[in-house]
Amino acid sequence: MKERLALAGKVENMVTRRNPLFDTATTLGKILGFLGVSAICGVLVAGLLVPAAAVSGSAASGSIQFFDTLPAELQVNPPSQATTILAADGSQIASIYTENRTRVPLDQMSQNIKDAIVAVEDSRFYEHGGIDATGIMRAIVSTARGQKQGASTITQQYVNNVINESLVSQDKGADVKLNGVNKGVGDKLREMKLAIALEKKFSKQQILEGYLNIVFFNKDAYGIEAASRLFFSTSAKDLTLPQAALLAGVVNSPSYYDPITNPDHAKQRRDLVLGLMLDQGKIKKADYDAAIATPVTTKVTQPRQGCAYAATAPYFCDYVLHLLLNNPAYGATPEERNSRVSRGGLTIQTTLDPKAQNVAQAQVEATTGANPDKWGATIVSVQPGSGKIVSMAQNTVWLPAAGKFDQTQNFNVDVLDAKGNDLNGLGGFQPGSTMKPFTFAEWLDEGKSMNTTIDASVRKYPQNFPWKNTCPAPTVGWYDSNVSGSFDLQNSDTGYYRPMTVLYGLMNSINTATFASASKVDLCGIQKIVDAVGIHGGNPARDGSGQITSPNPKVPMTTLANLIGSTQTAPLTMASAMATFSNNGKYCEPIAITSVTDQTGAKLPAQSPNCRDAVSPAVAHGVAYAMQEVLNQGSGSLIQPRISTKTSFPIAAKTGTNDNNGSTWVVGYTSGLATASWFGDPLGGQNRFGRNITVNGKFYPNVDGYMIAGPQFSNYMSQVAPAYGTNPFPAPPSNLLDAPSFRAPTPSNPSPSTQPSAPPSSNDNGKKNG
């Protein structure tokens, strides 16, 4: 054995040094060069002459032991396959891949393709043990005559494909070896050795199955199943004889024999394959004649991969991908995670309800119509008690299209969960008055009645106002027109600067009522509730160098402007926060992925409900009571959802509008579904005013939450919420409904607040219908 290996090394060295005797520019050199390689096959004789079963039976001999184990360099892992993202009902949302490949077992392939590929690529496939002596000798003779002819068996081709696939998956595409292009003698010897080792480990059926699943047919088709669908819109198991012969011929030169671009070349090659099948007794003469007479026709199904081509919910699809691409469980680096997702053949089961999604998408598109001014509209829903995302829609298209508002950014989620990551994301919008229920919740949590009368006529909250704040963070901001650069707190309508109950103030979205309530509770308590229900800024916090210090920064409720919603927050965040009040005070993190399996069926990390106590059930029931009144007789009274013109159902909601009317909301919930509906400016950085504008043919002097986001919410919930449950909300305890006497606030023990560099905006006009 040692002598034979030494001879092998010498011959290879002689060939690679291009000894004049072996100069392949001469006929003698061609013969001797190939014979030099063949001489090495003293150790390959068994593989050359006998099939794999016989090789295994002779394993005791020294020369065969050299091939007993399959080297680590040829670990036959499943090749790259497409990842599939599925909706909750199992329907496909999108396919993600680097190589379009769908692996199918051999018994799901037409006998025609199995016979055709063997006939043209390796007629002695079932007789040799990995390399074919007859084929090698035939190639030697052809080489001597100056004609190029390959001698690679299907097994050798499979070896070559597996090695190349492994290199590509490791981002080493530059190292890929192609037959007749950049393969040296050493490469061929290694390939031959591996082919013999492969045949000792796997059956012929396994090798043929692996080969037909890995082989390249077209840049959009790797493997026989993808090729069948691309060229003929059929499956591998249903390939006809002419189709199978054509595809078997394509393998030799996918570009030259491409039936789409070169049908004449494809027909010549197909007919050659059919002739070989006839000669080898794989088909009868009548079948041959009929196939030869069949014209080359294709029925192309062009694969469309990626979320841009999702069958539904492209932005939800992108959100799902970001959850995986940001998850270290899928790889230590972004590159590894991307490879795992795009090449791993994963099946990702999601929470998306296609029926709800279709309603949401139709609604956001109907909201803005033609939309030449590119106003944004979104709907996102979650299920209380699980956090499952039911729908996620916006009124844009992913790919540019005539007359459409095209946008790749997801309006519904945090920056880090959107396409473009933290570079170009939006991070949500100013939530305005939809933040007011959390001050109301703290009021109830401190045992105060919602029917307590407060003084909403107070408009000045000077720097020395005695806010209660037990948090380490200082109180920031004041409202005082006596101070240069500041102003008094404002409501939309002058008639609301008066005493009113806390409940009435929330029902009608009165800014001064919210501040009057906040002045009598601990701001730190509001902070704790806001944190507990998952509210956070949609843009990551950064240090001076731009590095992210917190991906989900707190919304500081000790900054007074945040009492009425100044920090950009994602619609998904707001929907999930409001779902807490529907779920007896338990907050559940939003989830989109229920299971992930790889191509072997192994389970990978997914998401499961992650819920926690956020507020007491009594507080949750009190907030639900008040937010039902928003729709019954408050700022949302014109948008009460109904199953029919006369039948409503228990539902709670809050309207919201920022200062410049460029961000408007309705966020609400039933017992089974929580939804954030938003309309406004998605591109102007909160600077475009929602005033004196025309939307879908209607002119609006000022856009408030109930006007556009409101009907959008109502129409969607009317159609979708009943399927998820509309049970009555539990009544709050009586102590939260009692009506104590009014006491005007009496400042004492002043605790100065800190004014920010710019005066805080009220971020909501405090409109009755805001």
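Residues are numbered from 1 along each chain as its sequence is written. In this predicted model, local features need pLDDT of at least 70, side-chain atom pairs count only at pLDDT 80 or more, totals for chains, interfaces and linings use all residues, and side-chain values use heavy atoms, without hydrogens and water.

**The pocket**

The second largest pocket holds about 660 Å³ of space. A pocket is an open set of points on a 1 Å grid over the protein atoms alone where a 1.4 Å probe fits, with protein on both sides within 12 Å along at least five of seven lines. Its lining has 30 residues; lining residues have an atom within 4 Å of a point. Asp414, Asp417, His536, Asn552 and Pro590 lie nearest the centre. H23 gives the largest share of the lining, four residues.

**Two helix pairs**

Helices are DSSP runs (H or I, at least four residues), numbered from the N terminus. Axes are lines fitted to C-alpha atoms over the stretch in contact, and angles run from 0 to 180 degrees between N-to-C directions.

| Pair | Angle | Axis distance |
|---|---|---|
| H12 (residues 241-250) and H13 (residues 263-279) | roughly 110 degrees | within 8 Å |
| H6 (residues 111-121) and H10 (residues 204-214) | about 90 degrees | 12 Å |

H12 and H13 are therefore roughly perpendicular, a term for angles of 65 to 115 degrees. H6 and H10 are also roughly perpendicular to each other.

Contact means heavy atoms within 4.5 Å. In H12, residues including Leu241 and Pro242 meet residues of H13, among them Ala266 and Arg269. In H6, Ile113, Lys114, Ile117, Val118 and Glu121 meet Leu208, Tyr211 and Leu212 in H10.

How values were computed: Grid points are joined across faces, edges and corners, and a volume is the space filled by probe spheres set on the points. Angles under 35 degrees count as roughly parallel, over 145 as roughly antiparallel, 65 to 115 as roughly perpendicular and the rest as oblique.
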